[in-house]
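Please look over the sequence and the model shown here before reading the short report below it.

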Amino acid sequence: MTPTETVETVLGLDYGERRIGVAVGNVFTGTSAPLETLPAHHGKPRWEVLDRLVDDWRPQLLVVGQPQTDDGTEHPMARRIQAFSDRLRARYGLPVRWVDEQFTSAEAEAHLRAARQSGRRGRIRKEEIDALAAAVLLEQWLTQGDPA
């Protein structure tokens, strides 16, 4: 990104070996919303689906969840997430940022369970958790600001 470019729309990705949650966020409002969960095979998404989302939303930046460990050691998924981030950068020519996503799935699941207990929703699917986790990690990034 050049200093004169402004970031408005951001896509957030919650990477997983079987599923990748995707959310969209707006820098000005500081809000995000889950979009969908992409099926992945050994961490490789259906690129044509992600291509469509990038084309539809035209983000200026991608944010990928990168879990941190409590003891400062490298998380077991760190290298796979880095490789995925590198593929995103090469494929879309967009900058990629990271945000700690250590508890985003648990937070997303708790939110969905609370909605279910209140009667506002039915059964919870894993795909919904992943997409909402992407929205949670994206809102964390939006709240923290861009450290890069």
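The report goes through a strand, a helix and a loop residue in turn.

## Basis of the model

This is a predicted model, in which local features need pLDDT of at least 70 and side-chain atom pairs count only at pLDDT 80 or more, while totals for chains, interfaces and linings use all residues. Residues are numbered from 1 along each chain as its sequence is written, and side-chain values use heavy atoms, with hydrogens and water left out.

Helices (H or I, at least four residues) and strands (E, at least two) are DSSP runs, numbered from the N terminus. In strand 1, six of the six residues are buried, where buried means under 20% relative accessible area, exposed over 50% and partly exposed in between, with a 1.4 Å probe and protein chains only. Thr9, Leu11 and Leu13 point one way from the strand, and Val10, Gly12 and Asp14 the other way.

Strands count as paired if DSSP finds at least two bridges between them. Strand 1 pairs with strand 2 in the antiparallel sense over six bridges, with Thr9 opposite Asn26, and with strand 5 in the parallel sense over four bridges, where Val10 has Leu61 as its bridge partner.

## Helix 1

The buried residues of helix 1 (residues 47–57) are Trp47, Val49, Leu50, Leu53 and Val54. Just after this helix, Arg58 takes a positive phi of about 50 degrees.

## Gln66

Gln66, in the loop between strand 5 (61–65) and helix 2, is buried, with a relative accessible area of 11%. Its contacts (heavy atoms within 4.5 Å) include Ala78, Ile81 and Trp98, not counting residues up to four places away in sequence.
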